[in-house]
Amino acid sequence: MRILLFTGKGGVGKTTVAAATAVRAASAGHRTLVMSTDPAHSLADSFDIPLTSQAQQISINLWAEQIDAQERLESNWRDIQDFVVSFLNWTGVDAVEAEELSVIPGLDEIFSLTDVKRHADSGRFDLLVVDCAPTAETLRLLSLPEAMNWYIERIFPVERRLVKTIRPLLTRLTSMPIADDRIFAAVERLHRNLDGVRQLLTNERMSSVRLVVNPEKMVIAEAKRTYTYLSLFGYRVDAVVVNRIIPEEVEDPYFGKWKDIQREHLETVRDSFQPVPILTARLFDREMVGIDLLAEMGAEVYGDQDATAILHRDEPMRIRKQGTSYVLSLRLPFTEKGELEVFRKADELFLRVGSYKRNLVLPHTLQRLEVKEASFVGDRLEIRFARDAGTPARAGSR
Ligand SMILES: Nc1ncnc2c1ncn2[C@@H]1O[C@H](COP(=O)(O)OP(=O)(O)O)[C@@H](O)[C@H]1O
Ligand SMILES: [Mg+2]
């Protein structure tokens, strides 16, 4: 089972490349489902077939689904939301306002991803191709399970215990709505779902991200940032697809300059992302809509390669032993030292790159050690952990 995520700036051709990949994989015999988390219904436009939120077969070995984010939000969030609304009402917020406040922006998109897990668990498909919303949203979306995890693991167990003991007292003293077991169950279900999604999407044997770009300066700059953040959260990029390259045979002088510019940018992409493989697709002479043209596009992008293969093995995080120390090495491409903040708190490592933050719960081996130094070696941040000289070895540990 494989999961391929396609992301990139709006308009670069994500949906088209994702659909083309799905068509190609299906014709190679893989039972393939292509799904879009982008609220714009472009997947249906790309196939030129109406789609719904149920996976529907559109060709041999090929299924497609346009995820209905609102519907997923309802089924995952309703119980919790009802509680939040009644709580807000109790504090004096009016009903309509409370309803509005209870919807966290971006939450609908994250629930779309729970469909990825549902389909992965079903065992019906060999390949899931996910056409993600444009970059910024995707990133927020991908980092959410981890952020959510962090809160839920810390806040909920405490809260739950507290509520169990004081609820009888509280209900006697106040009309304040108190979360009941149904709400806790809903939160726990949600947590399990999101955690499951994250585990799937960061699983190295299963999931790869493919970045789609055009040979244009701003698009490439954004793709580099995306790459950094994906690495920060442990997602693996196995290819960059450069789409809309003006073909050699175009000789119209009007495009001469464009061709030079594109050639230069293509070179930049190769230099910047190496050793990640670069795939290319020319600018076709028409919109690439419908299964036949998508098949042509797929052939162009992958040539003789298997579209479902892991095209590059990235290793965003690894730990190695060095004498008596351990080195935690994180791949953080295109990161300037000034943008990075690292600190340790109890059993966690706090990392920030630009506006993105990650709380990394340290593996057991590192938890009992101290951070000694952090430095960049190439595009990897290496953090050395060792036992504090003053701290005696704990009983039982060697
Ligand atoms: N290489 C290409 N040659 C010609 N048309 C393309 C190419 N790639 C994409 N298109 C067209 O560009 C439009 C936008 O592509 P789309 O895949 O929807 O972009 P995105 O999903 O990144 O917003 C579509 O009409 C698509 O058919
Ligand atoms: Mg799209």
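**Close-up views of a predicted model**

View 1. Helix α1 (14–27) and strand β7 (237–245) each supply at least two residues of the shell around ligand 1. The model shown here, and in the views that follow, is predicted. Of the elements in this shell, α1 gives the most, with 3 residues.

**View 2. The shell around ligand 1, residue by residue.** Have a look at the 16 residues that surround ligand 1. The closest are G13, K14, T15, T16 and F284. Sorted by class, the shell holds 7 polar, 6 nonpolar and 3 charged residues.

**View 3. Helix α1 where it packs against helix α10.** The partner of α1 in this view is α10, which covers residues 291–302. How far apart are the axes of α1 and α10, and at what angle do they pack? The axes lie 8 Å apart, and the angle is about 90°. Angles of 65 to 115 degrees count as roughly perpendicular, and α1 and α10 are therefore roughly perpendicular to each other.

**View 4. The residues that meet between α1 and α10.** From α1 come T16, V17, A19, A20, T21, V23, R24 and S27. Facing them in the contact, α10 brings I291, L294, A295, M297, G298, V301 and Y302. By class, this contact has 10 nonpolar, 4 polar and 1 charged residues.

**View 5. An open sheet of 4 strands.** The strands follow the order β9-β10-β15-β14, and their pairing is antiparallel. Which strands stand at the edges of this sheet? They are β9 (317–322) and β14 (370–377); each has a single partner strand, so one side of each is left without a neighbour in the sheet. On average, neighbouring strands here are turned by 20° against each other, direction ignored.

View 6. One pair to pick out is V371, which stands opposite F385 in β15.

**View 7. The whole protein, for orientation.** Stepping back, the protein has 11 helices and 15 strands. Its chain counts 398 residues, of which 36% are buried. Among contacts between residues at least 6 apart in sequence, 71% join residues at least 24 apart.

Key. Residues are numbered from 1 along each chain as its sequence is written. Chains are lettered from A and ligands numbered from 1 in the order in which they are written. This is a predicted model: local features need pLDDT of at least 70, side-chain atom pairs count only at pLDDT 80 or more; totals for chains, interfaces and linings use all residues. A residue is near a molecule or strand if its C-beta atom, placed from the backbone, lies within 6 Å of it. Ala, Val, Leu, Ile, Met, Phe, Trp, Tyr, Cys and Pro count as nonpolar, Asp, Glu, Lys and Arg as charged, and the others, Gly among them, as polar. Two strands pair if DSSP finds at least two bridges between them. Axes are lines fitted to C-alpha atoms, for helices over the stretch in contact, and angles run from 0 to 180 degrees between N-to-C directions. Angles under 35 degrees count as roughly parallel, over 145 as roughly antiparallel, 65 to 115 as roughly perpendicular and the rest as oblique. Two residues are in contact if their C-beta atoms, placed from the backbone, lie within 7 Å. A residue is buried if 20 or more other C-beta atoms lie within 10 Å of its own, exposed if 12 or fewer, and partly exposed in between; C-beta atoms are placed from the backbone.
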